[in-house]
Amino acid sequence: MGNGAKAQQKRERNAKDTKVAKSQLKSNVKAMDIQCQICKSTFLKTTRAPQLTEHAVNKHSKTITECFPGYEVPAAK
């Protein structure tokens, strides 16, 4: 047996191990559940208060409660 057979076997083994990359775009769209009531921009549910405050002040010159009335700041641990 020559080295060609070994190389072919290695290619076949590696072809079995390859995994198809999965896109996370659909799950990111589903996770965007914080919405600004003024401009309707959406934010991921993991977005924290400082980023939302920055949006409210810079874009609308308003407070976080005016732009995001349903948003509750998580309690500190």
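Trainee: Which residues does alanine 31 touch, not counting residues up to four places away in sequence?
Mentor: Alanine 31 touches Phe43, Leu44 and Lys45. Keep in mind that this is a predicted model.

Trainee: Okay, and where is alanine 31 in the fold?
Mentor: You'll find alanine 31 in helix H2, which covers residues 25-31.

Trainee: Is alanine 31 buried or exposed?
Mentor: Alanine 31 is buried, because its relative accessibility is 18% and the cut-off for buried is under 20%.

Trainee: What separation is there between the C-alpha atoms of alanine 31 and threonine 46?
Mentor: Those two C-alpha atoms are separated by 8.4 Å, and along the chain alanine 31 and threonine 46 are 15 residues apart.

Trainee: Let's zoom out. How many helices and strands are there?
Mentor: The protein has 4 helices and 2 strands. Reading along the sequence, you get the pattern α-α-β-β-α-α.

Trainee: What share of the residues is buried?
Mentor: Buried residues account for 18% of the 77 residues. As for the surface, the protein exposes about 6,800 Å², with carbon and sulfur atoms supplying 53% of that.

Trainee: And the contacts, how many join residues at least 24 apart?
Mentor: Take the contacts between residues at least 6 apart in sequence: 26% of them join residues at least 24 apart.

Trainee: New topic: threonine 47. Where is that one?
Mentor: Threonine 47 is in the loop between strand S2 (42-43) and H3.

Trainee: Why does threonine 47 count as buried?
Mentor: Threonine 47 counts as buried because its relative accessible area is 10%, and buried means under 20%.

Trainee: What does the side chain of threonine 47 reach?
Mentor: That side chain reaches the backbone oxygen of leucine 44, at 2.7 Å. Setting aside neighbours within four places in sequence, threonine 47 is in contact with Ile34, Leu52 and Tyr71.

Trainee: Last one, histidine 60. Which helix is it in?
Mentor: Histidine 60 is in helix H3, residues 49-60. With a relative accessibility of 19%, histidine 60 counts as buried.

Trainee: Which side chain makes a polar contact with the side chain of histidine 60?
Mentor: The side chain of histidine 55 does, at 3.3 Å.

Trainee: What else is histidine 60 in contact with, leaving aside neighbours within four places in sequence?
Mentor: Besides His55, histidine 60 is in contact with Cys36, Ile38, Cys39 and Cys67.

Key:
Residues are numbered from 1 along each chain as its sequence is written. This is a predicted model: local features need pLDDT of at least 70, side-chain atom pairs count only at pLDDT 80 or more; totals for chains, interfaces and linings use all residues. Side-chain values use heavy atoms; hydrogens and water are left out. Buried means under 20% relative accessible area, exposed over 50%, partly exposed in between (1.4 Å probe, protein chains only). Contact means heavy atoms within 4.5 Å. A polar contact is a pair of N or O atoms within 3.5 Å; within protein, one must be able to donate a hydrogen and the other to accept it, and residues adjacent in sequence count only if both atoms are side-chain atoms. Accessible areas come from the Shrake-Rupley method with a 1.4 Å probe; for residues, only the protein chains shown count as cover.
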